[in-house]
Amino acid sequence: MNLAALALLPAALLLDRLLGEAPSRIHPVCLIGWLAVRVEALLRRGDGAASPSVRRSARMSAAGALACLMVLLPSTATAWGLVEAARWCGGPRAAWFMAAALIYVCLAPRSLDEHARRVAAPLARNDLESARRAVSMMVGRQTAALDAEGVARACVESVAENLTDGVLSTLFWAGAGLLAAGCAGAAALAVLHRSANVLDAMWGKKSEAYIRFGALAARLDDALNFVPARLSLPCIALAARAVPGLRHKDALRVGWAYRAAHESPNSAWSEAAFAGALGLKLGGPALYGAERVDHPWLGDGTPDARPIHILLALRLLWHATYAFTLCEVFVIGLFGSPL
C-alpha cells in the first residue's frame, strides 16, 4: 500500500480547509476564465442568436466545440506538465506536493462555506438587503425580490448543488487520475473537471447566444458530474447520521424519490438529498433576468428555510465531503496507485 497515494486527496482537502480560496492570480477559475474569454473572441463568428429550430435541436457549433478543446487541452496539459516538471526537478516527493497543490486550487468547500455564512449572518439579524446581495454572489437567479425564506432556500440549494460541482466531482476525477496515471494524472483530471465546470458556467447557458456555442461545454460538464452526482446520495445520507438535527433516513428516501425530478441530469441527486436531510422543499420557480423558469420542487418538507438550515447544510457539506474522501482513499488503497 502506497501511503503517499492514500494521503494525496486528504492533503489537498486539508490545504483548502486551512488556506481557503487560492489568490486570483493562481486560481484556476480566473486563469481558465481568462483563456476562455480570449478563445471565444478569437473563434466566435456567426454564432449569435439561433433560430427556433436550432434552439430546439441544440446542435453544437464547430466553433464552440473547437473553443472548448482549446481551453480544456492546454489547461489539462499544463497541470500534467507542472507535476512532471516538479518530478524532474525534485523527485517523487516534489511531484506529490505539486499534485496536492493543484488539486487544492480546484476544490471549493471552504469558499462555499464562507459565501454561505455571508448569507446566514445578515439573515439572522434581519438584514434582508445584505443577505440578498450575498446570495446573488452564489446563484444566477434574480435575488432582489426574494423574501428571507427564499434567500435562505436559494443559499441551501447552492450549497447542495456545488457540493457535487465544486467538491465531490473534483475529488472523484483526481482519484480516478491517481489510479490511472499517478500524481500527474490526478492533477490533470482535477484541472480538466474544473475547466469543464468553468466553461459550462460561461458558455453552457440555454440562451439564444449560447445554445449552440456552449453545447459541448454543457454536455461535457454533465458527463463529468454524472457518476459523482449519483455517489453523492449515499455519502450525504451517511453524513447526515453524524450531524445532530438532520434526518438521514429522509435524506436517502427523498434523495432517491426526487433524483430525476430536475431538468438537469445531475442536480437533483444532491439537492433532493439535502432537502430530505433538512426537512425542506427546494427548487421551485425562479427569475433569471426577465425570464421565469419553473423549476420542479424537490422534497416534501417546508419551503420556509431559515438561517439555521444554512448552517446545518454547511455541516452536512463538510461531513459528506469527508465521507466521500474516505471512500476514495479506501478504493485507492484497494487497487493501488502508480505514483
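Modeller: Buried means under 20% relative accessible area, exposed over 50% and partly exposed in between, with a 1.4 Å probe and protein chains only. Helices are DSSP runs (H or I, at least four residues) and strands likewise (E, at least two), numbered from the N terminus. This model is predicted, so local features need pLDDT of at least 70 and side-chain atom pairs 80 or more, while totals for chains, interfaces and linings use all residues. Residues are numbered from 1 along each chain as its sequence is written, and side-chain values use heavy atoms, without hydrogens or water.

Colleague: Happy with that! Which residues of α5 are buried?

Modeller: Their cover includes α1, α2, α4 and α8, where contact means heavy atoms within 4.5 Å. The buried residues are A95, W96, A99, A100, L102, I103, Y104, V105 and C106.

Colleague: Where does A251 lie, and is it buried or exposed?

Modeller: A251 lies in helix α10, residues 248-257. Its relative accessible area is 0%, so A251 is buried.

Colleague: Which residues does A251 touch, not counting residues up to four places away in sequence?

Modeller: A251 is also 8.7 Å from G279, C-alpha to C-alpha, though 28 residues apart in sequence. The residues that A251 touches, with that exclusion, are L233, A237, A273, G276 and A277.
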